[in-house]
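Reader: I am new to protein models. Please show me how to read one, feature by feature.

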Amino acid sequence: SAKLQNRAWLAAALLTEAAKSAGQRLVVGHLPLYGVSIGRNTLGNVLQDAERLRALLEGARVTMYLSGHHAAYYPGQRGALRVFASGGIGARDYVEHPGTARSTVSLLEFSDSGIKDTTFDAVSGARIARSSLPPRLNGLNGSITRDDLPNGMDKPR
């Protein structure tokens, strides 16, 4: 199911002393909040109630929501929440951007100042520059903006 099974558990976990005192808060889920790739930009392939979940995560000062499933690396943002689509092997094109598929491997580094990612093309080994990614993806549940660009407060679509 594309519905978060235990939102109450997540809310309680984010209120623990360990979570509240963490320098960075990362929530990992399989399905993304917003559609990222062609072929998976459909109901059942993104979480339901994305805006409600985003509000919960932002309220708990979560730094980043990391997801897989779409097989398209995208370091995005919506509102105050970074949404990181992890990519992986078996690449898919970005929503509205045919011909962009590539398999990737990402390294995440955590520090008190934030979470930094470095992502590589899994075939060539070359580092992927953010500037080579679409500035915005308009997928199911709403649009996300590349995390190095201003995003305003995107409205749901």
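## Reading the fold

Author: Start with the surface. The chain exposes about 7,800 Å², and carbon and sulfur atoms supply 56% of that area. Accessible areas come from the Shrake-Rupley method with a 1.4 Å probe; for residues, only the protein chains shown count as cover. This is a predicted model: local features need pLDDT of at least 70, side-chain atom pairs count only at pLDDT 80 or more, and totals for chains, interfaces and linings use all residues. Residues are numbered from 1 along each chain as its sequence is written, and side-chain values use heavy atoms, with hydrogens and water left out.

Reader: What percentage of the residues in the chain is buried?

Author: Buried means under 20% relative accessible area, exposed over 50%, and partly exposed in between (1.4 Å probe, protein chains only). Here buried residues make up 46% of the 157 residues.

Reader: What radius of gyration does the chain have, and what would a compact globule have?

Author: The radius is taken over C-alpha atoms, and the globule rule is 2.2 Å times the number of residues to the power 0.38. For 157 residues that rule puts a compact globule near 15 Å; the chain has 15 Å, so the two agree. The C-alpha atoms fill a box of roughly 45 × 35 × 30 Å along the principal axes.

Reader: Which share of the contacts joins residues at least 24 apart?

Author: Contact means heavy atoms within 4.5 Å. Take contacts between residues at least 6 apart in sequence: 57% of them join residues at least 24 apart.

Reader: How many helices and strands does the chain have?

Author: Helices (H or I, at least four residues) and strands (E, at least two) are DSSP runs, numbered from the N terminus. This chain has 3 helices and 8 strands. From the N terminus on, the order is α-α-β-α-β-β-β-β-β-β-β.

Reader: In what order do the strands of the open sheet stand?

Author: Strands of a sheet pair through backbone hydrogen bonds, either parallel or antiparallel. Two strands count as paired if DSSP finds at least two bridges between them. The open sheet has 6 strands in the order β1-β2-β4-β3-β8-β7, with mixed pairing. β1 (26-29) and β7 (136-139) stand at the edges; each has a single partner strand, so one side of each lacks a neighbour in the sheet. The twist averages 30 degrees from one strand to the next. Axes here are lines fitted to C-alpha atoms, for helices over the stretch in contact, and angles run from 0 to 180 degrees between N-to-C directions.

Reader: Which way do β2 and β4 run, parallel or antiparallel?

Author: β2 (residues 64-67) and β4 (residues 81-86) run parallel, joined by 4 bridges. S67 stands opposite A85 in β4.

Reader: And in which sense does β3 pair with β4?

Author: β3 and β4 pair in the antiparallel sense over 6 bridges. R78 has L81 in β4 as its bridge partner. The hairpin of β3 and β4 has 2 residues between the strands, and G79 takes a positive phi near 65 degrees there. β3 also pairs with β8 (residues 142-146), again antiparallel, over 2 bridges. There, G76 stands opposite R146 in β8.

Reader: Which way do the residues of β3 point?

Author: In a regular strand the side chains alternate between the two faces of the sheet. In β3, Y73, P75 and Q77 point one way, while Y74, G76 and R78 point the other way. Strand β3 (residues 73-78) is mostly covered: 6 of its 6 residues are buried.

Reader: How many aromatic pairs does the structure hold?

Author: A pair of aromatic rings is described by the distance of the centres and the angle of the planes. Rings of Phe, Tyr and Trp (its six-membered ring) pair if their centres lie within 6.5 Å; planes under 30 degrees apart count as stacked, over 60 as edge-to-face and the rest as tilted. The structure holds 2 such pairs. The rings of Y73 and F84 have centres 5.7 Å apart and planes at 65 degrees, so this pair is edge-to-face. It links Y73 in strand β3 to F84 in strand β4, 11 residues apart. Both Y73 and F84 are buried. The rings of Y74 and Y94 have centres 5.7 Å apart and planes at 70 degrees, so they are edge-to-face. Y94 sits in the loop between β4 and β5 (104-111), 20 residues from Y74.

Reader: Where is D49 found?

Author: D49 is in the loop between β1 and α3 (50-59). D49 has a positive phi of about 55 degrees, although it is not a glycine.
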